[in-house]
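Visitor: I would like to go through a structure step by step. Please show it, and then I will ask about its side chains.

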Amino acid sequence: MQITIDEFVEVESPKRLICCSMTKNFHWLRISKGHTPANFKNRVDFTLREFDYLYIDTESKDAILAMFEGAVSHVPFNFGKGSD
């Protein structure tokens, strides 16, 4: 399965976080611009189409998810199965 950025362009709410697990230890987070928690703004890798993108470790991901007030979607990585 392959996921493209365009699948997540349309959002239902102004606060949206999409968590895509790349491995067991690293994740891409896509957060509506302006809603990235203040203490993680320096971790933003780039901004594209009004969203901040962060490539972070699991501990940071968990901290951001605990602080985020908005819609959260998860795209899990199929650990141990690879991709088709």
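Visitor: Is Arg43 buried, partly exposed or exposed?
Guide: Keep in mind that this is a predicted model. Arg43 has a relative accessibility of 30%. Buried means under 20% and exposed means over 50%, so Arg43 with its 30% counts as partly exposed.

Visitor: Which side chain meets Arg43 in a salt bridge?
Guide: Arg43 lies in the loop between strand 2 (26-32) and strand 3 (46-48). The pair links distant parts of the chain, with its residues 14 apart, and the other one is in strand 4 (residues 51-57). The N to O distance is 3.5 Å, and the partner of Arg43 is Asp57.

Visitor: How many salt bridges does a search of the whole structure find?
Guide: One joins Asp57 and Arg43. Another joins Asp62 and Lys61, at 3.1 Å from N to O. The number found in the whole structure is two.

Visitor: Which residues make the nonpolar surface patch of about 260 Å²?
Guide: One of them, Phe26, is found in strand 2. Residues in a patch need over 30% relative accessible area, and Phe26, at 36%, counts as partly exposed. The patch is made by Met22, Phe26 and Tyr55.

Key
Residues are numbered from 1 along each chain as its sequence is written. This is a predicted model: local features need pLDDT of at least 70, side-chain atom pairs count only at pLDDT 80 or more; totals for chains, interfaces and linings use all residues. Side-chain values use heavy atoms; hydrogens and water are left out. A salt bridge is a side-chain nitrogen of Lys or Arg within 4 Å of a carboxyl oxygen of Asp or Glu. Helices (H or I, at least four residues) and strands (E, at least two) are DSSP runs, numbered from the N terminus. Buried means under 20% relative accessible area, exposed over 50%, partly exposed in between (1.4 Å probe, protein chains only). Patches are made of residues with over 30% relative accessible area and no salt bridge: like charges are joined within 9 Å, nonpolar side chains (Val, Leu, Ile, Met, Phe, Trp, Tyr) within 5 Å. Accessible areas come from the Shrake-Rupley method with a 1.4 Å probe; for residues, only the protein chains shown count as cover.
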